[in-house]
Amino acid sequence: MSSLRGKRRRAMKIAARAAILARREPRLQGKKRRTVALYAISQSRPLLEKIARHLFLVLRHKTYVFLYCAYAGHPIRGFMHDWSKFSPVEFSESVKYFNGHSSPVGLCRMVEGCSRGWIHHKGRNQHHYEYWQDVVEPDGTICAVQYAFRPVPMPFECAVEMTCDTIAASRAYNGANFSYDKLMQWWRNSHRFPVNMHPKTERYCNLIYAELQREGTCRPLRRAREFYDQAMRGE
């Protein structure tokens with residue numbers, strides 16, 4: 001009963017703080033109640049606590065990625081994974097918007113309209129398919145459609161690191177409830193609508209995620225080259 005009272009008191013404090021912030025900061029006006037509440041939580045946490053918890057999450061994620069990349073035969077890529085998260089622009093933004101309930105990058109987008117940390121991150125990490133986009137056609141002309149980006153196929157090593165990254169993220173977020181079924185469910189949900197990923201890269205993802213789900217283990221990572229070559233051939 002006491003724990004329930006404590007939760008209610010914390011919820012009331014967050015609601016009061018959210019109301020104050022919504023009045024004080026013009027950029028929060030018109031935002032959804034959940035956005036303001038998450039922002040209130042992030043601003044109410046002590047700075048040292050946010051730094052420590054963010055560091056723990058990043059290092060745990062990097063450890064998982066390294067182990068999966070090493071298993072797939074690419075330990076160097078696993079070791080070099082996501083070092084840009086320690087850069088000032090990415091680290092400061094993630095700490096500022098750390099709330100313990102949702103992605104700091106997502107909350108920053110909802111509050112500020114964009115995430116400078118994510119723009120910095122995707123431009124420096126080749127394991128993100130968003131890195132492999134160009135505004136120039138193969139013949140050297142600018143894409144005719146305004147705001148259009150032409151996706152190009154991801155190289156093999158980058159595609160494998162991307163797979164290991166998504167497995168590690170799913171394991172970190174789901175904890176003891178992690179399964180390759182949930183990983184496949186995430187992949188399908190994230191691609192309910194068209195994304196600017198090259199069809200061959202997307203075909204590789206479909207093949208390896210389906211095999212991971214079928215086997216229920218990470219063993220298909222050892223055969224990633226097989227799935228990649230099959231996807232590049234268009235089979």
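This is a predicted model: local features need pLDDT of at least 70, side-chain atom pairs count only at pLDDT 80 or more; totals for chains, interfaces and linings use all residues.
Residues are numbered from 1 along each chain as its sequence is written, and side-chain values use heavy atoms, with hydrogens and water left out.

The largest pocket has a volume of about 1400 Å³. A pocket is an open set of points on a 1 Å grid over the protein atoms alone, where a 1.4 Å probe fits, with protein on both sides within 12 Å along at least five of seven lines. Grid points are joined across faces, edges and corners, and the volume is the space filled by probe spheres set on them. Lining residues have an atom within 4 Å of a point. The lining of the largest pocket comprises 43 residues, of which His61, Lys85, Ser103, Ala169 and Tyr173 lie nearest the centre. Helices, which are DSSP runs (H or I, at least four residues) numbered from the N terminus, contribute to this lining; H3, H5, H6, H7, H8 and H9 each supply at least two residues. H8 (156-174) gives the most, with eight residues. By class, the lining has 18 nonpolar residues (Ala, Val, Leu, Ile, Met, Phe, Trp, Tyr, Cys and Pro), eight charged residues (Asp, Glu, Lys and Arg) and 17 polar residues (the others, Gly among them).

Helix H5 spans residues 88-96. Its buried residues (under 20% relative accessible area, 1.4 Å probe, protein chains only) are Glu90, Phe91, Glu93, Ser94 and Val95. These buried residues pack against H3, H6 and H7, where contact means heavy atoms within 4.5 Å.

The structure holds eleven salt bridges, each a side-chain nitrogen of Lys or Arg within 4 Å of a carboxyl oxygen of Asp or Glu. Arg53 forms one with Glu49, the closest N and O atoms being 3.4 Å apart. The two residues are four apart in helix H3 and are therefore separated by about one helical turn. Glu211, Arg214, Glu215, Arg219, Arg223 and Glu226 are linked in a network of salt bridges.

Definitions and conventions: Buried means under 20% relative accessible area, exposed over 50%, partly exposed in between (1.4 Å probe, protein chains only).
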